[in-house]
Amino acid sequence: MLEIRNVGWTLPDGADILKDVSITIGEGKLVVITGPNGGGKTTLAKVVAGLVRPTTGSIWLDGKDITHMDITQRALQGISYGFQQPVRFKGLTVRELMELSAGHDLDMDGLCDLLGKVGLCTLDYIDRDVDGSLSGGEIKRVEIASVLARGTRIMIFDEPEAGIDLWSFNSLVSAFERLKDSHHTMIIISHQQRIIEIADEIIVLADGGIRLSGLREDVLPLLLESEMAGYCPVGKKVIA
Amino acid sequence: MNKITEKLLGIVAGYKGKFDGAFNIREDGGCVARQSTENIQITAHREGKPGLEVHVAPGTRDEKVYIPACVTKGDVDDLTYNDFYIGDGARVTIVAGCGVHTDDAGEARHNGVHRFFIGKGATVTYDEKHVGTGTGQGARRINPVTEAILEEDASLTMDTVQLGGVQSTIRKTEATLAARAKLIIRERLMTDGDETAETDFVVTLNGDDSATHVVSRSVAKGRSRQRFVSRLVGNARCSGHSECDAILADNAVVTAAPQLDAYNEDASLIHEAAIGKIAGEQILKLRTLGLTEEQAVNRIIQGFLK
């Protein structure tokens, strides 16, 4: 179980990016965090992965406080994070990135399985560098595949739909569903209805705080309603 | 050959007890082994200079020739002139590694002057790996000079690697290209401590549709200094691209000075240069995969210099 307890993060200029956020995510659950741009979603994901150290509050994994752990230690505890803006490398091939992620060599079947989930044709990509020669959509898919390659118990995806075409998106949603079936815990930051629809729980994060959270069947209708209204649901509202 | 030569050959020329093709092994200024083949003749330099002539018969297919040179002790100042005559339509790989070793206070120095005369339609792959080893205080210096003349439709791919242990290197490469000739140069360089490295490329594109691609990737650490100079001269309808990418660490210094000279309105010449430390995001990404910061930095450098 992953617990985010009263987490706050304040910029040096005093701006509060996260304000007293508390979330509990049960084993094997798929939680979608959504909400307006600039609401603190990516910062929250980075706090969990250890890329950002919270100003206040703590992160707990299976009853153990991991707030003091750095990025590497959290990765070794089984937390994976797919960057919203993937990083490019000169001299690192797609195959090498997948093998680094998996922690061992991969044969063609293994590579095909991974890259197929994100809609990339393996032979066209394995020997290409993860550099500026890949398009935005291609590198995003490679980034997602790197998280899938790790296959850890907790996976965080930051707007996985960005730059991905409709056909690849379908296989990506299927990959998330299969991970859910195999009891992986997932946090997905997304604005896509197709992804929100497969969530166990939905959290709406706005202005650094939780505006709305609860089971998908309770929250989704409210989101769709507010979408018609053109604004984000107002006020914190937790649906038990 | 002595044990040090054998070890250096393993590093710079992939030697595992024998070579599969023509070869000449140079040790401390002398020849310790030589073998010609039916298509590749290795002879003494006809102008009486120290060094060799390598004659590759026209139409030779996928053969290899090894001409490594090793300096295994201090107070050796080796100078060699090697000329390569590549027959029309031949396709060969030339491996020309150089290792300098000293366990004493004397300087170990190798200066190699390599000239390539590449015939029409011939294809040459040239691998040049440099390394310095040994615990001696004496400086290890390697100063290679490469000159290449490419006739019509000829192609030269030059891979040059120097990954440490050489106190000072000055590398000069000059090439002239006729119509449709193609030159690719890939340089990989790493310096550390007080090492210095200078690279100077001049490529003259004389023939229509000739093309060159010069890529240098380097890592400068410690207090080392690197200087990269490249000059592409377009005298015809041609394309040229040079690229200098350097990762900087500690107190190292890198200077890049590109020059493009276009003397024909259809010459298309590009230069790109980027110098900077490893992007923090790259380290973060690899750490999210479970690597420590040190492992991440090493992996990034290893890939960059691959």
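Residues 24 or more positions apart account for 66% of the contacts in chain A that have a separation of 6 or more. The model described here is predicted, and the predictor assigns the complex an ipTM of 0.92 and a pTM of 0.84. The points below treat the fold of chain A, then the interface, then the confidence in chain B.

**Fold of chain A**

- Chain A contains 9 helices and 11 strands.
- Its radius of gyration is 18 Å, close to the 18 Å that the globule rule gives for 240 residues, so chain A is as compact as a globular protein of that length.
- Along the principal axes, the C-alpha atoms of chain A fill a box of roughly 50 × 40 × 35 Å.
- Buried residues make up 41% of the 240 residues of chain A.

**Contact between chains A and B**

- Chain A contributes 19 residues to the contact, and chain B contributes 15 residues.
- On the side of chain A that touches chain B, at least two residues each are supplied by helix 2 (71-76), strand 6 (79-82) and helix 3 (94-102) of chain A.
- Helix 2 of chain A provides the largest share of that side, with 4 residues.
- By residue class, the side of chain A that touches chain B comprises 11 nonpolar, 5 polar and 3 charged residues.

**Confidence in chain B**

- Chain B has a mean pLDDT of 92.
- A pLDDT of 70 or more is reached by 100% of the residues of chain B.

Terms used:
Residues numbered from 1 in each chain as written. Chains lettered and ligands numbered in written order. Predicted model: local features only at pLDDT ≥ 70, side-chain atom pairs only at ≥ 80, totals over all residues. Rg over C-alpha atoms; globule rule 2.2 N^0.38 Å. Buried ≥ 20, exposed ≤ 12 C-beta atoms within 10 Å, placed from the backbone. Contact = placed C-beta atoms within 7 Å. Nonpolar A, V, L, I, M, F, W, Y, C, P; charged D, E, K, R; others polar. pLDDT = per-residue confidence, 0-100.
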